[in-house]
Amino acid sequence: MGYGSYLIRRLLYTIPIIFGISVLIFILTRVIPGDPVKLALGPDATPDMIAQARRIWNLDKPLYMQYIAFIVGFFTGDWGISLRTYNNVLADLARFAPATYELTAVAVSFSALVGILTGIVAATHKDKWQDHISRILSIGGVSMPLFWSGIMLQLLIASYFKLLPIGGRIGDGVTPPVHVTGFYLLDSLFSGNWIAFWSCAQHIILPAFVLSFPSLANINRLVRSAMIDQRSKDYVILQEANGMPRRLIVYKYMLKNSLASAITMIALMFAYSLGGVALVEAVFFWPGMGNYLVQAIHFKDFNAIMSVVVLVGIIIVAANFLVDLLYGYLDPRIRYGEER
Amino acid sequence: MVQRSLQLRRYMTASFFRLAGIPIRGTIKKSLRGISVLEGPQKYRLEGWKRATSRFRRNPLSTTGLVIVIGLVLMGLLADYIAPYPMDAKGRVDFINKLLPPSLEHPFGTDEAGRDVLSRIMFGARIDISSAVTVQLLVTFVGVVLGMVAGYVGGKTNVIIMRTADVFITIPPLVLALAATTAFTPDITTAILAVTIAWWPWYARLVQSVVLSVKEEQFIEASRAIGKSPLSIVFGDIFPNIVSVVTVKFTLDIGFVILFMASLSFLGLGVQPPTPAWGTMISEGKSYLPERWWMSAFPGIFILLAVIGFSLLGDGLRDAFDVQLEE
Amino acid sequence: MNTSNLLTIRDLTIDFTTYDGTARVVDDLDLYVDRGEIVSLVGESGCGKTVTAKAVLGILPMPPGKIAEGEILFRGQDLLKTKDKDLQVLRGKEFGFVPQDPMTFLNPIFTIETQMFDMYTFRGSPDVDPLQYLRSFRDSRRRADTVQRALDMLRRVNIPDPDRVLRSYPVELSGGMRQRVLIAMALMSRPSFMIADEPATALDVSIGEQINEVLETRVREEGISVLYITHDLGVARRLSDRIYVMYAGHIVETASTQELFKGPKHPYTLGLLKSVPKIYGEISRGIEGVIPDYYNPPPGCRFHPRCPHAMPVCRRERPALREIRAGHRVACYLYSEEKKNE
Amino acid sequence: MLRVLDLKKYFPMTGGLLKRKIGEVKAVDGVSFDVMKSDTLALVGESGSGKTTVGKMLVRILKPTSGSIFFANEDIAKHEGDSLKNYRRMAQMVFQDPTSSLNPRRKILDIVIDPLNVHKIGLKSERYEMVTRMMDRVELPRDFLYRYPHSLSGGQKQRVGIARAVIMNPALVVLDEPTASLDVSVQANIVSLLKEIQKEYGLTYVFISHNLSLVRNIADWVTVMYLGRAMEMAPTEQLFTKPMHPYTIALLSVVPTVSEEEEKLLPERVRLEGEIPSSVRIPKGCRFASRCPKAHERCSSDEPPLVDLGGHFVRCHQIEEGA
């Protein structure tokens, strides 16, 4: 089986997953609660209001029709009206989603880069001080609640030392850059708006750093253990027995093998960070999708909830597909061996 | 995705600490793979419980974990007797003494209603640990049943169960749990259910993959050859091989479920104030930052302790049962 | 035994420390390999033969292993006292290693070409800096030469389509093919000494036979000395010039192949020979009992609990290797008059 | 007592985008043989020959795709449910890997007593007695009953496997390379134990092996298999003195020997070129043609039949023509 048909199969595989996600979230937010309208409008709503709302939101139709309407709407850009902001959900997300992506992207890139590098250092200096330090830091990284470590860093660095701003995405009084991608860092960079860029950069450091903790720790440890695992692999032992230079074995052979698993971990951590971002946004007043989702949940704003979750699901499925692509490239066993 | 995740299984099921490769003093821990010298009778000199306890005790960190866990559990159980101000967790308010910094009288300070933070943390242990254990019991039950059915029956059943698990796994657990709270009013039961919904697929997957690898073993064929019924193969041959794996995973994860539940509480979708839970307390304290740092700082330390304690204990059990979660 | 031998092992003692205590898995082992010789080290599983090979190659995992005593002399140079870097250079230039299980000894995510190329270009060089590494790609002439050499080697181990094999990943090759590739890799930089660790055991009979044959032809033709590790007396008989028989960490008997099969002396060797099923339909009951516990080895001769001729002295003292005829040495009190009569 | 007729086992192979069935692995492709009571039939072959698959079908761990297995004049190939369970009392198997064939989480006692419990043989109180007698028979100390398999050596584990198979006093025991993972000296122990037990209980053995010298010592009849088919079938004595099929001759010629007398008994060395073809794409004509030193044109177009030369069966064009 070639690379091409492997990729097509992976691509086809994503369809039932996305379908499954939409069904799951539909069940969670529309079917189980019984009547979302009553929940949304609260106990004081009159029967008239409820009936009217039902008509507007298609809730008077059978469930499967509602589901079809939701799916069709989702793919035609009609994501419904938010019960909280009374805006079109799509318009809301166009405002909030880029902020979240920017934060997550910075955090995950940072953790991937630093995690892989420190993982290699820890593995090559096993049980030396470099290893001990990276071990202690990464144990802290996974065991600390994100929101707590966020608060503590905020206290220390923003409030006490006043090195960085406490929260928000851009300084008060700084005009946000012209909206192109929605990523403030990129937009300000392209438009040459250095003041905005500087302010955005300062604002993103702390939340991105905090958000990267668990991913950084996980990637670091995975790379380390994969590298150490490689050391006891027969093919590495053979190369050692045959007198190959250590550096070549470590940085070419062992590293490529370890990276294959690290890539999977990075995708996993990307997904994990899209969850954790809700906590970080709450701590750092970051105007993103996570905050939007939490607010939506408090208001039982089911249109918004469904859209956000399906959107997040699609992004993760896409990220996973990318990883499959890379993984198939890195590890020929996936391409050749799968059917044997 | 499935295939890659299987490769990550080892990572998912080993505790983070074990992967962190904490060296074990006094013993040499290194794979003996490739050295056939110490096979068979040479490899094991003690049996049963003796062997388990000796392996557990060999690693001082396991004992540390056990001590932390026992400490936290006792703290929760005996909160009524050892807490300096037990009524502070049960609705008493004292606005005269509100927002006091840590002192001898209130080692961890007081909150906005003048309640003693230490006492509330002690009662919080009770709620946090018991709800995490509840989640774990639910998750284990669902995961073991579905995983065993999927793994043993195989075929279409397996595909359906595992694909469903994949769908759940694709959505980030926190997002899924958040979405699941929509269906109900936010309280502790909701939070427990929500976390269970987000958490079960990992167990189903773990159990399924253990069943699959046990199924490959020749002793299953041997049992079929002597005419055992499928049911007695499942319960007599496969199940005993799952118990220890699941026990270890159960313990390892309690700390992370505590952390997870605290995250929900922090976002206002878990335990509701004034009930004392660690996540809720951090959330409440957040409004009084940066001046009243003690309200948020101390509960967080206990979450950290719980995660570390349960993970170390799980690792110890892993050694004791000689569980090979990897591969 | 003299130091002009290619490889001389003296008093090698290896301990393993694990959860359960310390096990002495190789005890006081003496062995030598002369130039151009094929020497077999024969023993059953757990006798310490592979550990010995790993110690010579410097790939013994330490810990849990530990070389408690002894020296391993290669051309008179003690490998145990040589610095890691020099050892690596020496291994690259002089040693070859053919492993037991062809399935796990090739890196699954690199092509055979990459692996052979790097092995040929860089083995034995003390270090490689990134620049030098990149330059090796640019030098197209040298690259073509190396590929030529690789193709040539593959052809010499009887691979019918070396071009395809060179471009393949290990998963695309069968076990026999991989083992050939491994032999080609070991031979590529013209080593003077080779360790073959049961290279045919994991393969089918007819395929394993091909492998042994190819290995023997190549080695004889190029005058390489070989330490051939095996559990199969028949294979050792076919391939080797001299044989060491090992039991529970000790060498119990050594002789030239002819001599050993004509007049085996040690009760263990005799038992082993009788246990091998014969083509004319004869098989003994084998050797009763199990190999001793290494953590608590029996005092005296380690074989005495299973030995049909055990004498009181065997329980007290460990017999040393003693020459009973030129080149035939046995560690057994049956062949030492004064002890026998004690 | 046991008659196997045209036994086949095909495993479906899936692949491609939608996991459709794209082919079949023809593991066993038409094998027939008879085994007399208290005899030993050996199935010999390299990997991919289908010998283990035949063994598993004989004890019905696998269901044959087609063909029949007559046991006491009854075709058990399609039995299910109770009649199958009844058959299991009479046909047992000893597995290749002694480690994997014993459940690591169960004590030896539980493992050995299992068959008695399943088939409700004897009273509960008698079962323990039977187990201890069995332990004595396979020469294991009784206190091993309370140990777990991991504390036993390979040979001891295999003895437990034999005890489990023989305790119900079956008529047929399939031995699937019972000594392949053991050392030579232990192998000799186990083989002589198996021979003793056979004599004592009047068992019929189907002995699966790749080791010709071993087979010589235990079997009455030998079937040489290659890629799912029998290539040669003969009484042991005859097969070893007058092998006919080029494959048998080649296999025999490379048997490792430890003495000169032995060497003289072997045919002249024949080197087999090439690899064993995959059982997915079985070559046309004679299956062995691609590696046969004597192959000619006809061999790669027509498949030769199994010819009977007075109780010695051979599947080869040359023999057929010569006969």
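Which residues touch the most other members of the largest nonpolar core?

## The core

They are B:V195 and B:I258, in a core of 391 residues. A nonpolar core here is a set of buried Ala, Val, Leu, Ile, Met, Phe, Trp, Tyr and Cys residues joined through C-beta atoms within 7 Å. Buried means 20 or more other C-beta atoms within 10 Å of a residue's own, with C-beta atoms placed from the backbone. Helices are DSSP runs of H or I, at least four residues, and strands are runs of E, at least two, numbered from the N terminus.

Leaving out residues up to four places away in sequence, B:V195 touches B:V135, B:A177, B:V257, B:F260 and B:M261. Contact means backbone-placed C-beta atoms within 7 Å.

## About the model

This is a predicted model: local features need pLDDT of at least 70, side-chain atom pairs count only at pLDDT 80 or more, and totals for chains, interfaces and linings use all residues. Residues are numbered from 1 along each chain as its sequence is written, while chains are lettered from A and ligands numbered from 1 in the order in which they are written.

## Where A meets B

Chain B puts 48 residues into the contact, and chain A puts in 53 residues. Several helices of chain B each supply at least two residues to its side, including α8 (155-170), α12 (230-266) and α14 (294-321).

## Chain D

Chain D carries 11 helices and 12 strands. Its C-alpha trace spans about 65 × 55 × 40 Å along the principal axes, and buried residues make up 50% of its 323 residues.

Definitions and conventions: Contact = placed C-beta atoms within 7 Å. Buried ≥ 20, exposed ≤ 12 C-beta atoms within 10 Å, placed from the backbone.
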